Amino acid sequence: MARVAVDVPLAHLDRLFDYEVPDSLAEAAVPGARVKVPFAGTMRDGWLIELADGSDLASLAKLHRVVSSEPLLSAELHGLIRAVADHYAGSWSDVARLAVPPRHAATEKAPQREWPAPRAAPDATVLPAYPDGDALLRTLAAGNAPRVAWQVAPVCNGPGDLVGGVIEAADATLRSGRSVVVVVPTARELAHVLGRFRLVFGHGAVGALAAENGRSARYRTFLAASRGQARIVVGTRSAAYAPVANPGLIAVIDDGHDAHAELRAPHPHSRAVAVVRAARQNTALLLAAHARSTDAQALVARGWLRDLSLPPAEARRLIAPARAVDDRDRERDPAAIALRVPSVAFRFLRDHLATGPVLVQVPMAGYDAALDCARCLNRAVCGACGGPLRARAKGEPQCAVCGHRPVRWTCPHCHTGTLRAPLPGAARTAEELARAFPGVLAVNSSADRIRDEVPDEPAIVVATPGAEPAAPTGYAGVLILDGEVTLARAELRAAEEAVRRWTNAAALARGPRDGGSVLIVGPPQHPAVQALVRADPVGFAERELADRADAGLTPAVKLVRLVGQPEALRDFLDNDDWAGVDILGPTEVGPDRWAALLRVPMAQARDLTARVKSAAAIRSARKERGLLGIHVDPEALEDR
């Protein structure tokens, strides 16, 4: 008898089903194999989880076919998928689709190359610069499983070498005879991290696991990990499930990046998958980032993660000094009208361009910024159709609705004819700064023009968050524009995300001994700006977590967000009495869309997810109509 996980995402069918194994398939039917089984009158895909001698059922349907005898789904991987699905009140099959790549038959049947043993890394220099950094490496090399939140100093070399520190932790783990998994947020980060890892451990010793690499390459790496050949796997979200033999370390880089959150149901986050895996498989966990996420800080506050960071005073001695200038100074500064930056920022650019490239971070790309009246600040509208005017190439206004380009525009409120762009994009900022500094190279790195590196010479590099190119010796200065706009986004994590973006940019600056510095144009009194100026992202995360606890928001409490059609939401809430659960809503959030929040203290987290899953199973069994989304531990409390 075979116990099979059938690929059916319905909540009330989220369990194993028994099937008889015909004699003709007895040899091919092994645990972990892909199979085809009859289910509800059709043939469905499934995974053979385990074999047993008998069943409680009197009669069983028979396995139809063994698609592949490759035992891809180990008992450990099955258990991890089950645990993640339960954590997010989702179905096993939905998580399995994220964890296991689609089969590539030609790759599976082809002879696989030999994976060389990883080379030894040079002596560690990054982690030993931190308190208890040496102890962490010794603990990993001894085969133990420490769990650490590493707040990396934002500086371009030495203690700020985030990838270098992860490599040192990986090398110590490999010396204990165990394997390593590293999870990065984006394909661009993957290319950088993968290159560093292969340079140290050998090109053939490091596998890449990401959908962007193509179906064949992804499946080849997954096979190598499953067969115990690949001991180092680096990849994006799905790499958190990589079935390496004897896992010893899971490292998540920049865990606060929103790309770590899966867009498909049940929306697992790489950090949460790594936490669940570390707890289940007794592996070490390393969350490494230049900024501390509130979720990581919550784990530190509970004692589940150990803090590894420099004291703020020591950090300020090593990293580029940062200062802030109020964004409102731009309105009072006549010299800033054409340049769109305060004169203080202008001088900052001029002074630092003398010694090398300067990075200018702006919140958005392109030219497509809405235009306002420069005098009364009312939205500029088209005289032909009433649509909003937007800035196009060379600053010419154009209607976003009808495309009309007015030769002369007059404000209907104050009758002036001057326009302003509240938030110029990277392309426009690069053009304006190029005009302000003639003869200086101006580079735009945003949208589809992302650059990986810039020359080590005077240049103005305008980039959006996450698209900043590297400079060979670091940037002479980093200028962060529109800080107030970044903080003003209507999102729960706006301030946390601002600190993450700014510290990642500051980490590209040279140290104080080399003349590097950071200037942010934003409200100096804001806690997020102060976190950058004081070099204290950990203190900011502690304060943010305390504020979330006072407000009853994630991650201080367990939260489930329900959003969908009103009748679907009403029927779902009727499937349980929700005693002891704080229900916020339902509230209308859009046309035919309502949302509700279910909230309990963290001590009742497992009970809440179990009840949500039970209510979803009742909804599925009753075939209740309407669309409904369930999101446990949502990264955002608003639609994006």
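The model is predicted, with local features requiring pLDDT of at least 70 and side-chain atom pairs counted only at pLDDT 80 or more, while totals for chains, interfaces and linings use all residues. Residues are numbered from 1 along each chain as its sequence is written, and side-chain values use heavy atoms, with hydrogens and water left out.

Helices and strands are DSSP runs numbered from the N terminus (helices: H or I, at least four residues; strands: E, at least two). Two strands count as paired if DSSP finds at least two bridges between them. Strands β24 and β25 run antiparallel and are joined by six bridges. Thr-587 has Ala-595, in β25, as its bridge partner.

Helix α19 spans residues 566-573. Its buried residues include Ala-568, Leu-569, Phe-572 and Leu-573. Buried means under 20% relative accessible area, exposed means over 50%, and partly exposed lies in between (1.4 Å probe, protein chains only). Why do these four residues lie on the same side of α19? They cover an arc of only 130° around the axis, which puts them there. The arc is that of the directions from the helix axis to the C-beta atoms. An α-helix has 3.6 residues a turn, so residues three or four places apart point the same way. The cover over the buried residues of α19 includes β23 (558-564), β24 (582-590), β25 (593-600), α20 (605-622) and β26 (628-632).

A nonpolar core is a set of buried Ala, Val, Leu, Ile, Met, Phe, Trp, Tyr and Cys residues joined through side-chain atoms within 4.5 Å. The largest such core has 67 residues. Leu-562, Phe-572, Trp-578, Leu-598 and Val-612 touch the most other members. Val-612 is in contact (heavy atoms within 4.5 Å) with Ala-89, Val-560, Phe-572, Trp-578, Leu-598 and Ile-630, leaving aside neighbours within four places in sequence. A second, separate core has 45 residues, among them Val-155, Ile-167, Leu-194 and Val-200.

Asp-94 sits in helix α2 (residues 92-99). It is buried, at 18% relative accessible area. The side chains of Asp-94 and Arg-97 make a polar contact of 2.7 Å. A polar contact is a pair of N or O atoms within 3.5 Å; within protein, one must be able to donate a hydrogen and the other to accept it, and residues adjacent in sequence count only if both atoms are side-chain atoms. Beyond neighbours within four places in sequence, Asp-94 is in contact with Pro-9, Ala-265 and Pro-266.

Glu-262 lies in the loop between β10 (247-253) and α8 (270-281). It is buried, with a relative accessible area of 8%. Its side chain makes polar contacts with the side chains of Arg-237, at 3.0 Å, and Arg-264, at 2.9 Å. With neighbours within four places in sequence set aside, Glu-262 is in contact with Leu-98, Arg-237, His-267 and Pro-268. Ala-224 is 38 residues away from Glu-262 along the chain, and their C-alpha atoms are separated by 24 Å.

Some backbone angles stand out. Most residues other than glycine have a negative phi, and most peptide bonds are trans. The bond from Ala-265 to Pro-266 is cis, with omega near 5°. Pro-266 belongs to the loop between β10 and α8. Gly-585 and Pro-586 are also joined by a cis peptide bond, with omega about 5°. Pro-586 is in strand β24. Trp-578 is not a glycine, yet has a positive phi of about 55°. Its place is the loop between α19 and β24. At 5% relative accessibility, Trp-578 is buried. Asn-246 has a positive phi of about 50° and is not a glycine either. It lies in the loop between β9 (232-235) and β10. Asn-246 is partly exposed, with a relative accessible area of 46%.
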